Amino acid sequence: MPEEDLIELKFRLYDGSDIGPFKFSQASTIGMVKERIVSEWPKDNKITPKSKDEIKLINAGKILENSKAVGQCRMPFEELPKTAITMHVVVVQSVPKAKTEKKVVEGPRKQTCGCTIM
């Protein structure tokens, strides 16, 4: 694969540390990139994603979809030197859904005063 077809990416975590840079082909999907992030995640962090579905990648203010190719997410910065593109990583851990019970109000309803303006 020619070197110019590869895109160099690094990933900024919530604590300011970085993962990477890594080189990906333009045809690689964001889902594949997320799998690589999960496998390279620092083990000493308090928050650790368990799967690619717990990660959101943000580039140029947009959340990237798993099905998109890396080449589709790149901004055309022709005048900038060829450096790694930094993407922000947000971990969204799934929280177990608690059963919500409707709160039953016991006792008589309080009557409120209604005013009429004539």
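**A look inside**

A: Of the 118 residues of the protein, 25% count as buried; buried means under 20% relative accessible area, exposed means over 50%, and partly exposed lies in between, with a 1.4 Å probe and protein chains only. This is a predicted model, in which local features need pLDDT of at least 70 and side-chain atom pairs count only at pLDDT 80 or more, while totals for chains, interfaces and linings use all residues. Residues are numbered from 1 along each chain as its sequence is written, and side-chain values use heavy atoms, with hydrogens and water left out.

The protein has 1 helix and 5 strands; helices (H or I, at least four residues) and strands (E, at least two) are DSSP runs, numbered from the N terminus. Along the sequence they follow the pattern β-β-α-β-β-β.

The 5 strands form an open sheet in the order E2-E1-E5-E3-E4, with mixed pairing; two strands pair if DSSP finds at least two bridges between them. Strand E2 (18–25) and strand E4 (62–63) stand at the edges with a single partner strand each, so one side of each has no neighbour in the sheet. Strand E1 (residues 6–12) pairs with E2 in the antiparallel sense over 6 bridges, and Arg12 stands opposite Asp18 in E2. Helix H1 (residues 30–40) packs on the sheet and touches E1, E2, strand E3 (55–59) and strand E5 (85–91). Touching, or contact, means heavy atoms within 4.5 Å.

E5 takes part in two of the pairings described here. With E1 it pairs in the parallel sense over 4 bridges, and the bridge partner of Lys10 in E5 is Thr86. With E3 it pairs in the antiparallel sense over 4 bridges, and Ile55 has Val91 in E5 as its bridge partner.

Now the helix. The buried residues of H1 are Ile30, Gly31, Val33, Lys34, Ile37 and Val38. Seen down the axis of H1, these residues fall within an arc of 155 degrees, so they line one face of the helix; the arc is that of the directions from the helix axis to the C-beta atoms. Their cover includes E1, E2, E3 and E5.

Next comes the core. In soluble globular proteins, nonpolar side chains tend to be buried together. A nonpolar core is a set of buried Ala, Val, Leu, Ile, Met, Phe, Trp, Tyr and Cys residues joined through side-chain atoms within 4.5 Å. The largest one here holds 20 residues, of which Phe11, Ile37, Leu57 and Val89 touch the most other members. E1, E2, H1, E3 and E5 each supply at least two residues of this core, and the largest share, 4 residues, comes from H1. Leaving out residues up to four places away in sequence, Val89 touches Phe11, Arg12, Leu13, Tyr14, Ile37, Trp41, Ile55, Lys56 and Leu57.

Asn45 is in the loop between H1 and E3, and Asn45 is buried, with a relative accessible area of 13%. Apart from neighbours within four places in sequence, Asn45 is in contact with Leu13, Tyr14 and Asp15.

Finally, the chain as a whole. Among contacts between residues at least 6 apart in sequence, 56% join residues at least 24 apart.

Key:
Axes fitted to C-alpha atoms, helices over the stretch in contact; angles between N-to-C directions.
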